[in-house]
Amino acid sequence: MKKSLLLFLAAGSMAVTGYAQEIKEKEVARIISTLAADDMGGRLPGTPGIEKAAAFISGEFAKADLQPLTGEKNFLQEFGKFRLQQTSVTLTVSGQEKDWPVIPIGAGRSFDWEKDSSYAAVHVKDPGELMKILRHPELLERNVLVWLAPSMAGFLGDLSASFSERSYDTKAELEAAGDKSSVGKHIILVYEKEPVADTASWSIHLRRDISSQHFANVAGMIKGSSKPDEYVVFSGHYDHLGTLPAVAGDSIANGADDDASGTTAVIMLAKYFKKHPPVRSVIFVAFTAEETGGHGSRYFSEKQNPDKVVAMFNIEMIGKESKFGRNSAFITGFERSDFGTILQRNLKGSTFSFYPDPYPEQNLFYRSDNATLARQGVPAHTISTTQIDKDQFYHTVDDELSTLDVGNITDIINAIAISAGTIVNGTDTPTRIEKASLK
């Protein structure tokens, strides 16, 4: 890394000499405020809001003079999926009807459950305990109703997307999964808004129908100057939750930190590297449907040859100060390759530091868009600052621009640009992830 690209302390905050000064706070603020604005409607897939966001990102990629991915006519990487959509549900507890979230696991279409000896009921408040149940349903002796404690609220969206409303490429594939699940044991999760005694009676009547949905990633690239067949990926997801139950009249889940902040970084990095052409080819992609199952990153990954992807910088929730303070971020799966070590080395002598993920119990390495390529051996990691264990705005209507530190976001993007330099320019190649070590 050239000395002119090193970071130094100036006027009490991190500044960057040389090229990285082109990443300006004013421009970062413009992009993130646009993506997190109310008129984007929370950027839920299948709504006008996410289409508006995709058009905006496409426009920014055009300004950066990127080219579409090979085989695509524009920056939209479009695809469709089939899934089961809940059409009706009735939950009663001790004879009283409840409006609590009910999440059936698997591909079953209809459920009519009444408390009796053929069903087991358990109370769960720990994510690790829940994962043991969900990942090994073949070990169940009976159908299981899982009462989720209030502390599990932040996981409801992930659970629906990953285990309940899983999408399939074809209708026939979904129907086959339903036929297979009909002969096994089933799990239903119920979010317990108030304590339910083990002696309480309960009943659940639920129906789901097959629906189809259109999705689109937004992706562009810069062809490498001398290693065009080796790829580095910069990514973030641009979708969010749409609308939620209103709080003080506000129902829009703006998703400023999650993940307009990461998408803004991707756009800024595209403009940065276009001005300073890379040796390796670089792909910039804003994924759809991360919040509803990771469909965008999965579709994108299936189109790549993992042996040609040198590294993936996935950027997720960089809007607030990390637990390590300003001018810092953490890297998920740090120990699985030397990706993080390379980034640390490239920032030596600067005021910025990358750290290993301080929240291993949260399984963040598997909960973002890096996971699919990582499972194929790519050193694919997520860079984040979120204090996930105490973030009060995560997956709420209060995840707005006013809660973010735009200056710190700008510093983080600068640090990513600098630390990625030797990877993008072909002098460093991160070690591969051992696929056998992954879940």
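In helix α1 (residues 25-35), residues E27, R30, I31, T34 and L35 meet A53, F56, I57, E60 and K63 of α2, contact being defined as heavy atoms within 4.5 Å. The structure is a predicted model, in which local features need pLDDT of at least 70 and side-chain atom pairs count only at pLDDT 80 or more, while totals for chains, interfaces and linings use all residues. Residues are numbered from 1 along each chain as its sequence is written, and side-chain values use heavy atoms, with hydrogens and water left out. Helices (H or I, at least four residues) and strands (E, at least two) are DSSP runs, numbered from the N terminus.

By class, the contact of α1 with α2 has 5 nonpolar, 1 polar and 4 charged residues. Here Ala, Val, Leu, Ile, Met, Phe, Trp, Tyr, Cys and Pro count as nonpolar, Asp, Glu, Lys and Arg as charged, and the others, Gly among them, as polar. Two packed helices are described by the angle between their axes and the distance between the axes. The axes of α1 and α2 come within 10 Å and cross at roughly 155°, which makes α1 roughly antiparallel to α2. Axes are lines fitted to C-alpha atoms, for helices over the stretch in contact, and angles run from 0 to 180 degrees between N-to-C directions. Angles under 35 degrees count as roughly parallel, over 145 as roughly antiparallel, 65 to 115 as roughly perpendicular and the rest as oblique.

Helix α2 (residues 48-63) also packs with helix α6 (residues 256-275), the two axes coming within 9 Å and crossing at roughly 20°. The pair is therefore roughly parallel. The contact is made by I57, E60 and F61 on the α2 side and by T263, V266, I267, A270 and K271 on the α6 side. It comprises 5 nonpolar, 1 polar and 2 charged residues.

An open sheet is formed by 4 strands in the order β5-β9-β8-β7, with mixed pairing; two strands pair if DSSP finds at least two bridges between them. Its edge strands are β5 (102-105) and β7 (119-124), each of which pairs on one side only. Neighbouring strands of this sheet are turned by 20° against each other on average, direction ignored. Strand β8 (residues 143-148) pairs with strand β9 (residues 187-191) in the parallel sense over 5 bridges, and L145 has I188 of β9 as its bridge partner. Pairing between β7 and β8 is likewise parallel, over 6 bridges, with W147 in β8 as the bridge partner of H123.

All 6 of the 6 residues of β8 are buried, so this strand is largely enclosed by the rest of the structure. Buried means under 20% relative accessible area, exposed over 50%, and partly exposed in between (1.4 Å probe, protein chains only). In a regular strand the side chains alternate between the two faces of the sheet. Both faces of β8 are covered, with N143, L145 and W147 buried on one side and V144, V146 and L148 buried on the other. Helix α3 (residues 127-135) lies across β5, β7, β8 and β9 and runs at about 150° to β7.

By contrast, strand β12 (residues 243-247) is hardly covered, the count of buried residues among its 5 residues being 0. Strand β12 pairs with strand β13 (residues 250-252) in the antiparallel sense over 2 bridges, and I252 in β13 is the bridge partner of T243. The two strands form a hairpin with 2 residues between them, and A248 in the turn has a positive phi of about 55°.

F234 lies in strand β11 (residues 227-237) and is buried, with a relative accessible area of 0%. Beyond its neighbours within four places in sequence, F234 contacts residues including V266, L269 and F273. F234 and I267 are 33 residues apart in sequence and 9.3 Å apart in space, C-alpha to C-alpha.

Most residues other than glycine have a negative phi, and most peptide bonds are trans. D65, in the loop between α2 and β3 (76-93), has a positive phi of about 60° although it is not a glycine. M317 also has a positive phi of about 60°; this residue is found in the loop between β15 (309-315) and β16 (328-331) and is buried at 3% relative accessible area. A cis peptide bond joins D258 and D259, with omega about 0°, and D259 is found in helix α6.
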